[in-house]
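Biologist: Shall we go through this one together? I'll ask, you answer.

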Amino acid sequence: MSKQIQVSGLHAYYGSHKAIEDVSMTIEPRSITAFIGPSGCGKSTFLRTLNRMHEVIPGARVEGKVLLDGEDLYAPSVEPVSVRRSIGMVFQRPNPFPTMSIYENVAAGLRLNGRVSKSELDGVVEESLKGANLWNEVKDRLNKPGAGLSGGQQQRLCIARAIAVRPQVLLMDEPCSALDPISTLAIEDLMAKLKDEYTIVIVTHNMQQAARVSDRTAFFNLAGQGEPGKVIEMDETSRMFTNPSQKATEDYITGRFG
Ligand SMILES: Nc1ncnc2c1ncn2[C@@H]1O[C@H](COP(=O)(O)OP(=O)(O)O)[C@@H](O)[C@H]1O
Ligand SMILES: [Mg+2]
């Protein structure tokens with residue numbers, strides 16, 4: 001089930017350091033939104049504010065609003081753990097649980113959610129691995145360690161693990177930056193398929209990737225060292241890459257800085 005995210009007036013801090021200033025944007029369901037911009041401009045920080053992972057860092061805090069289909073994720077009654085369950089995350093380095101089998105990696109999140117029967121688990125594991133375009137490669141070795149897969153397969157395993165709990169949103173922080181070009185294309189194909197069902201946000205340093213996979217793009221930038229990151233411009237990806245309205249966006253996407 002895909003949901004819309006509406007962010008308004010969001011600031012994110014690490015102690016006294018403001019990493020993100022006054023971000024407002026709408027992230028549409030059933031589409032892929034890309035975040036681009038030079039390193040250090042707060043893309044990862046902002047991504048982590050969307051599922052309440054930012055605040056796990058001591059001293060880190062958030063001001064502003066994040067609404068998921070109108071529901072305030074920072075309302076006092078909301079449990080951060082339930083937010084993290086409904087808004088899944090995939091990281092830069094594939095991080096399967098190293099001692100667990102392929103099967104157990106995918107089943108792990110469901111087991112946390114409570115008692116599930118073996119046949120139900122089997123069904124979800126198969127469906128999630130199929131959903132992550134990995135089933136055919138691993139169906140004969142589900143009990144082998146997840147860590148024994150190639151990097152690209154491990155990343156698809158992490159995506160299978162993330163979708164097994166049926167999240168409403170998938171956040172991906174440079175999910176291909178540790179992968180070879182073939183695995184990268186496999187992940188991009190997978191994202192194109194998943195967007196029918198999920199709201200997907202991807203941080204990427206790869207301009208071609210943003211142009212290939214995303215529907216909308218937000219360009220983040222910062223005025224200088226120690227300054228907070230801001231969203232300079234957000235638009236349809238095709239517009240952003242052909243006719244951006246800000247000079248800084250054009251300079252960045254044409255490789256003049258960053
Ligand atoms: N765990 C942290 N503790 C303190 N500062 C951090 C932490 N993570 C990131 N920062 C700072 O926040 C700013 C934004 O970083 P980040 O969100 O990682 O940017 P990006 O993902 O765009 O490269 C940087 O100045 C960075 O040093
Ligand atoms: Mg980052």
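Predicted model: local features only at pLDDT ≥ 70, side-chain atom pairs only at ≥ 80, totals over all residues.

Biologist: How much of the accessible area of ligand 1 does the protein cover?
Modeller: Taken on its own, ligand 1 has 560 Å² of accessible area.

Biologist: Which element gives the largest share of the shell around ligand 1?
Modeller: Two elements give two or more residues each: strand S2 (17–27) and helix H1 (43–49). The largest share is 3 residues, and the element behind it is H1.

Biologist: How far is an oxygen atom of ligand 1 from a polar backbone atom of cysteine 41?
Modeller: Cysteine 41 is one of the residues surrounding ligand 1, along with others including Tyr14, Gly42 and Ile57. Histidine 17 is there too, with an N or O atom of its side chain 3.5 Å from a ligand oxygen. For the backbone of cysteine 41, the distance is 3.3 Å.

Biologist: How many disulfides does the structure hold?
Modeller: A disulfide needs two cysteine sulfur atoms within 2.5 Å. For cysteine 41, the nearest cysteine sulfur belongs to cysteine 176 and is 18 Å away. For cysteine 176, the nearest is that of cysteine 158, at 12 Å. The count for the structure is 0.

Biologist: Is cysteine 41 buried or exposed?
Modeller: Buried means under 20% relative accessible area. Cysteine 176, at 7%, counts as buried. Cysteine 41 has a relative accessible area of 0%, so it is buried.

Biologist: Why is strand S8 largely enclosed by the rest of the structure?
Modeller: Side chains in a regular strand alternate between the two faces of the sheet. In S8, Thr199, Val201 and Val203 point one way, Ile200 and Ile202 point the other way, and all are buried. Strand S8 (residues 199–203) is largely enclosed because 5 of its 5 residues are buried.

Biologist: Which residue stands opposite isoleucine 200 in S8?
Modeller: S8 pairs in the parallel sense with strand S3 (residues 32–36) over 4 bridges, and there threonine 33 stands opposite valine 201. Strand S7 (residues 169–173) also runs parallel to S8, joined by 5 bridges. Opposite isoleucine 200 stands leucine 170.

How values were computed
Residues numbered from 1 in each chain as written. Chains lettered and ligands numbered in written order. Heavy atoms only, no water. Near = heavy atom within 4 Å. Polar contact = N/O pair within 3.5 Å; in protein donor to acceptor, adjacent residues only side chain to side chain. Areas by Shrake-Rupley, 256 points an atom, 1.4 Å probe, with all protein chains shown as cover. Buried < 20%, exposed > 50% of the residue type's maximum accessible area, 1.4 Å probe, protein only. Pairing = 2+ DSSP bridges.
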